[in-house]
Amino acid sequence: PPEEVEDASEPTKRDRSHLENTLKLNEDKPTDDVSGVLQRLRKIYHSSIKPLEQSYRYNELRQHEITDGEITSKPMVLFLGPWSVGKSSMINYLLGLDDTPYQLYTGAEPTTSEFTVIMHGPKLKTIEGIVMAADSARSFSPLEKFGQNFLEKLIGIEVPHKLLERVTFVDTPGIIENRKQQERGYPFNDVCQWFIDRADLIFVVFDPTKLDVGLELEMLFRQLKGRESQIRIILNKADSLATQELMRVYGALFWSLAPLINVTEPPRVYVSSFWPHEYHPDTHKDLFLKEEISLLEDLNQVIENRMENKIAFIRQHAIRVRIHALLVDRYLQTYKDKMTFFSDGELVFRDIVEDPDKFFIFKSILAKTNVSKFDLPNREAYKDFFGINPITSFKLLSQQCSYMGGCYLEKIEKAITRELPDLLGSIGLGKKPNVLSCDVTGCGETPKNRYKKH
């Protein structure tokens, strides 16, 4: 029939109804009101966690201060992968931005040299990184610390799209150019780490026609350590290969990633073509569509569990702050015990910092309740930490109490063992029980069993 000839020049677009349905874009139901839970979460953070965090300068150890913007921010989906694998096309497709003035620029050359944050706004507009970082209500203000050169490579796009009312997308520069890190003029890996630490879902996208897992990817997966449950691997442009070839590539991808991801549960791999055009004829259309729908369901799940994830994130942070405080306290106590009237304070302390194991500093912390060995920071980090913060500038935990406010340590422990789990329980009431609690988000090793809802 003659119609087909006309179509040859302009590839036909696929039906988008499954996108609308799976992501519930047409439902006008009010989004569940979480402001009350957020207020309580903020209160717990400010009254029970932050005082200890500031008193022991936790921020200088891990460069992680939680801003109010971060507590209230939407879930974030991060797109990572080599250049030209279709990250930007995938975002255009999910948001229906194709053929609009605001579609993300795509092409065969390395195109995205910016970190692009796609968020909700009343009308289409772009926002400069400098403006985004200056706005403390947004969750991006901590990015200021990466400097002017980075902020020029950060760009925000506001789009009036239903999906963005519930989630924010971040598109990243292709990691292949990582070799030119010096030329970038800003700490690319540190910036990536900042986004990885905060992402609720991380899509690592590959193009089956150029699968070389080089040094860049090794670096990337090293940065993804501990975030395995958030990672999804996408074998994009799958309809560009014949089935047999695709199976081979799928095997090769798994083979090359296996040493990089040592988890018992391998991450989910989605095989499909995430763009608006029809799939190539004679390829597994049904499979690709099913894969796409399960990816969308995955995305939906993250949106629906956003409060659980947020509470687990703050709780994990509190666990680390508590361990840091116990360690500094232990270093200080050891120092005080070793000091005599005649000793040279600096020498005494250098001895402790150089070989904390001689004084059982880390061992004694492990013996305390609920400290998992996986949560213990690295000993070297404390050499640097005390290099900047002299031990004598800290107070013992036992002195961090006030008549009215109680003790800092007791407050953070109460937050970890009671207040945050209770908050988690309070939001689970109206919902179907889901496996999220601490199992998936890994609130920490030991406390896990105590809070399982039976």
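The model on screen is a predicted one.

Now show the two helices whole, α14 as residues 306-338 and α17 as residues 379-388. Their axes come within 13 Å and cross at roughly 70°. Angles of 65 to 115 degrees count as roughly perpendicular, so α14 is roughly perpendicular to α17. The crossing of α14 and α17 is right-handed.

Next, keep α14 and select helix α13, residues 285-304. How do the axes of α13 and α14 cross? They come within 4 Å and cross at roughly 60°, which makes α13 oblique to α14. To see the contact, pick Val-302, Ile-303 and Glu-304 of α13 together with Arg-306, Glu-308 and Asn-309 of α14. The residues in this contact of α13 with α14 divide into two nonpolar, one polar and three charged.

Leave the helices and turn to the aromatic rings. A search of the whole structure finds 19 aromatic pairs. Select Phe-115, Phe-140, Phe-146, Phe-150, Tyr-186, Phe-188, Trp-194 and Phe-195, which ring pairs link into a cluster.

The last stops are two arginines. Which ring does the charged end of Arg-14 sit over? Select Tyr-279: the charged end of Arg-14 sits over its ring, 4.0 Å from the centre. Then select Arg-57 and Phe-394, where the charged end of Arg-57 sits over the ring of Phe-394, 4.7 Å from its centre.

Notes
Residues numbered from 1 in each chain as written. Predicted model: local features only at pLDDT ≥ 70, side-chain atom pairs only at ≥ 80, totals over all residues. Heavy atoms only, no water. Axes fitted to C-alpha atoms, helices over the stretch in contact; angles between N-to-C directions. Parallel < 35°, antiparallel > 145°, perpendicular 65-115°, else oblique. Left-handed = near helix turned anticlockwise from the far one by under 90°. Phe/Tyr/Trp six-rings, centres within 6.5 Å; stacked < 30°, edge-to-face > 60°. Lys NZ or Arg CZ within 6 Å of the ring centre and 35° of its normal. Contact = heavy atoms within 4.5 Å. Nonpolar A, V, L, I, M, F, W, Y, C, P; charged D, E, K, R; others polar.
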